[in-house]
Amino acid sequence: MASLRSVKGMNDLFGVEALSLGAVESLARNLAKRWGAEEVRTPVLEKLDLFVRSVGEATDVVGKEMYAFEDKDGSQLCLRPEATASVARMLVQHGILRDHPRFRAFYAGPMFRRERPQKGRYRQFHQVGVEFFGEPEPSADVEVIALAAAILDALGLDDVVVELGSVGCPECRPSYREQLVAFLRQEADQLCELCNQRTETNPLRCLDCKSASCQAVYGDAPLPLDHLCDACDQHQAGVEKGLDRLGLDYRVNKRLVRGLDYYRRTVFECTTQKLGAQSAVIAGGRYDGLLGSVGGDEGVAAVGFAAGTERLQLLAREAGTEAGLSPADVAIVTDRNQGVDEALVLMQGLRASGLVVVADLSDRGRKAKTKWLGRTTHRHSLFLEADGSARLRLQGMETQAVHPEIAAILQVLSSN
Ligand code: ATP
Ligand code: MG
């Protein structure tokens, strides 16, 4: 029978890969807690409509990259491509904001996008992220960016740049959008096919085009940051002032836009040169009004970010700060299958005292067991002999015969 393989772009994680991905998630989780965020978990399957209404049909994420299908009862479902819309839906569905008008959420988990797989880009990937709801003040944007910076800092990633921009609000964006569309139509024959399509569907996204010839044209394009209304301008000034006050480095990028429709005012991206085309590690901003698109109160403010967990992990690996597998504290080997019960009791005690214990209690001979020990990373090892005696080898020391009394052995091991 042909061997079965995982779905393209969906990775099995084991060994150091699994461990260090988990370590990045824990690090982000612990930092988010310091910012007052509570962990939430939403399902990986959602109704398709959720993302169509919030993220927007004209976006790549929804228009091209979704795993959508019809369920047996005819409902249109999809694997979530991101979590912000899901968290917003959860808040509305459970009326959480009634009791907590300011609610800070943290999430970690897999997301699904049907993209061309490459380094740092997969079809099942992971994100950690936060959403702060009910906080319209620029100070919330500052806190969100400070948390993103703290995660990068804790991973020792000092070559990641925070880029900051603003895409305006429903007051100022329509007139800016018109000016931009007029400009894009005028330059249509200089632009790539995708930009010509986007001129009609999602014009702001043109500014994000990867093609050098398009970018040359956009040197003269009207830019969102130059067309903000007074309120958006003040908000932006507030964010910059707060970041300055914290001494956080950032670069104002006038042409920064985001791929999803729900952004309003602040947008930011933490970028690196180290992952080739996959330069964005963390992306976020403000999305006041998002709750309205999922059936909630249009007036609720929201700001947050999503970080690509694998991209953080890859960068941590390059920086030499990736978490590694740690050795077991004790490896126990029996003489064939003699003394298995005693070994189990001993292991139970050692584990209760917090030690990591691995063992080979099988019927295999000494040679196989010695080989197993050689392959198993451990600090101390203990041979339990058939006659009830025991030999202990503490890390970096010679093997010694020890008193078979379990209590005595426990004491020796726990003190190390
Ligand atoms: P990109 O421009 O790289 O496609 P994006 O704008 O689609 O990113 P967002 O939707 O903002 O990304 O997601 C936030 C973060 O999630 C990204 O900055 C990136 O680190 C990570 N990410 C997005 N798509 C993938 C993917 N297919 N594989 C791995 N990580 C991803
Ligand atoms: Mg993308």
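A backbone N or O atom of Tyr122 lies 2.9 Å from a nitrogen atom of ligand 1. This comes from a predicted model. Tyr122 is also among the residues that come nearest to ligand 1, together with Arg113, Glu115, Arg121 and Arg258.

**Polar contacts of ligand 1**
- The contact with Tyr122 uses the protein backbone and a nitrogen atom of the ligand.
- Gly308 also contributes a polar backbone atom, which is 3.3 Å from an oxygen atom of ligand 1.
- Arg311 takes part through its side chain, where an N or O atom is 3.0 Å from an oxygen atom of ligand 1.

**Burial of ligand 1**
- Ligand 1 exposes 590 Å² when taken alone.
- The protein buries 91% of that area.

**The shell around ligand 1**
- The largest share comes from β10, which supplies four residues.
- By residue type, the shell around ligand 1 holds seven nonpolar, three polar and five charged residues.

**Domains of the chain**
- The protein chain is divided into two parts, domain 1 and domain 2.
- Domain 1 is made of the segments 15-172 and 228-319.
- Domain 2 covers residues 328-414.
- The distance between the C-alpha centres of domain 1 and domain 2 is 48 Å.

Key:
Residues are numbered from 1 along each chain as its sequence is written. Chains are lettered from A and ligands numbered from 1 in the order in which they are written. This is a predicted model: local features need pLDDT of at least 70, side-chain atom pairs count only at pLDDT 80 or more; totals for chains, interfaces and linings use all residues. Side-chain values use heavy atoms; hydrogens and water are left out. Domain bounds come from an automatic or database domain assignment. A residue is near a molecule or strand if one of its heavy atoms lies within 4 Å of it. A polar contact is a pair of N or O atoms within 3.5 Å; within protein, one must be able to donate a hydrogen and the other to accept it, and residues adjacent in sequence count only if both atoms are side-chain atoms. Accessible areas come from the Shrake-Rupley method with a 1.4 Å probe; for residues, only the protein chains shown count as cover. Helices (H or I, at least four residues) and strands (E, at least two) are DSSP runs, numbered from the N terminus. Ala, Val, Leu, Ile, Met, Phe, Trp, Tyr, Cys and Pro count as nonpolar, Asp, Glu, Lys and Arg as charged, and the others, Gly among them, as polar.
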